[in-house]
Amino acid sequence: MSAPRFEHSYAKLPPRFHAPATPDPAPAPALVRLNRALAEELGLDAAWLASDDGVAMLSGAKLPEGAEPIAMAYAGHQFGGWVPQLGDGRAILLGEVVAGGQRYDIQLKGAGRTRFSRAGDGKAVLGPVLREYVVSEAMAALGVPTTRALAAVTTGEKVFRNGPEPGAIFTRVARSHIRVGTFQYFHGRDDDEGVRLLADYVIERHYPSLRDEAEPYRGLLLAVRDRQAALIAQWMSLGFIHGVMNTDNTHVAGDTIDYGPCAFMDRFHPRKTFSSIDRQGRYAWGNQPGIALWNLARLAETLLPLFGADEAQAISWVESELGAFRGTFGEHFARRFRDKIGLLDDGEAQRAHVDTTLSAMTEGEVDFTLFFRHLTALLAGDDEAPLLALFADPERGRTWLSDWRAMLEAEDGAKGNRDVERLERMKCANPVFVPRNHRVEEAIQAAYVGDYAPFHRLVEVLARPFDEQPEHAELEAAPAPEEVVQRTFCGT
């Protein structure tokens, strides 16, 4: 067995980019779950990670030789309000590993205070740690670019939130932890050289093809724009609401990061939110593309000094290029929803039908995941009754279903029936299982009384989200008549 050999490319950046950080030793660490498959992908020794020394590392109690733990500096707009210094207040980057030509950060969340903790204790409690484990791994299985869960451990101490709760630490894996807010940290200090150094690092790590371009920094903005457009469309096609799309939670490589008040919708509504503090609906499901564009504009502001001496020309270029975001997002969004409802052609009629579908789902108050799940089953030959039963007014469902069938017939035309191809696309686009809030909450509550079986079961079922798993059929059913969990909270 062997400990990981960490590299430290980010720690080699100037001291203003980060601060040394020492994890608080956990008094009685215990492993809850180790992601052995991910460990193998990363070239890590799963047996060592599960050993006493490995658990000591995952809990911050004992770090292997070569670790140089740091907390990263960043700023950000939180719910539109500017905060000039945030940083890793409860996250400590142990180092990096390289696997398959890709560099990954290994980070402990909840391991104690750092220079950026402000008034916080730097700790995490069990519930949010398990939530992030479940949701991030479910997103990975769904094919969504995301940070990953390597391990969850309990620390053997009590952490005070609303009362004493069991402490825990989450080991997060990411292609990096660089955010739009990281760029804003230096821009807010008029540190153009810091912005340039960070941009060079991001290009080298995430967009190496830009190194030889005449305008690599402009290329960087466009690359981040395009990845964000694809990511948000994918979120929305799964009914996913991030909950806190602050600039410090916007990843420059286009990954999903920081699972706090996130959720997969049960009953569909485009204005649905899940953050306990998002009372104005800023980060509602339907607002996510507009917020992504707003965050990209903040990134562009930081990069503007790198776009040349002619500021007016640079601003004009940025406005034009960011203006293309909605079109790029719209193409991704339309394609994903065409796949979900089985439309094979790309035209105005198909895009209009996507809009009609979302309107019918809103009016019918239907469950998002089950709607597409039953529609897929219907195309495969099942009865229409389960689909129609989702609608508050089944007649509204019948009207939509009639229009849908007419769309399929119009697409086929002289080409003949193409339902085999449709069905394959729908099966790949419409999961059977997603981490529904009430199921995650059930697993968390069971863990609080020492029963981790529901948590382990949920993780294992969600690892195969597109597979029929009859023995776990109750995990796909929605709560009725009201959603059990309507708000989620940031806690890791």
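Me: What makes Trp235 and Phe240 count as buried?

Reply: Trp235 is buried and Phe240 is buried too, a word kept for residues under 20% relative accessible area, with exposed meaning over 50% and partly exposed the range in between, for a 1.4 Å probe and protein chains only. The model is a predicted one, in which local features need pLDDT of at least 70 and side-chain atom pairs count only at pLDDT 80 or more, while totals for chains, interfaces and linings use all residues. Residues are numbered from 1 along each chain as its sequence is written, and side-chain values use heavy atoms, leaving out hydrogens and water.

Me: Why is the pair of Tyr133 and Phe170 called edge-to-face?

Reply: Rings of Phe, Tyr and Trp (its six-membered ring) pair if their centres lie within 6.5 Å, and planes under 30 degrees apart are stacked, over 60 edge-to-face and the rest tilted. A search of the whole structure finds 24 aromatic pairs. For Tyr133 and Phe170 the ring centres are 6.4 Å apart and the planes stand at 80 degrees, so the pair is edge-to-face.

Me: How do you know that Tyr133 and Phe170 are buried?

Reply: Tyr133 has a relative accessible area of 1%, and is therefore buried, while Phe170, at 0% relative accessibility, counts as buried.

Me: Why is the pair of Trp235 and Phe240 edge-to-face?

Reply: The ring centres of Trp235 and Phe240 are 5.5 Å apart and their planes lie at 70 degrees, so this pair is edge-to-face.

Me: What makes Arg282 sit over the ring of Trp294?

Reply: A charge sits over a ring if NZ of Lys or CZ of Arg is within 6 Å of the ring centre and within 35 degrees of the ring normal; the charged end of Arg282 sits over the ring of Trp294, 4.9 Å from its centre.
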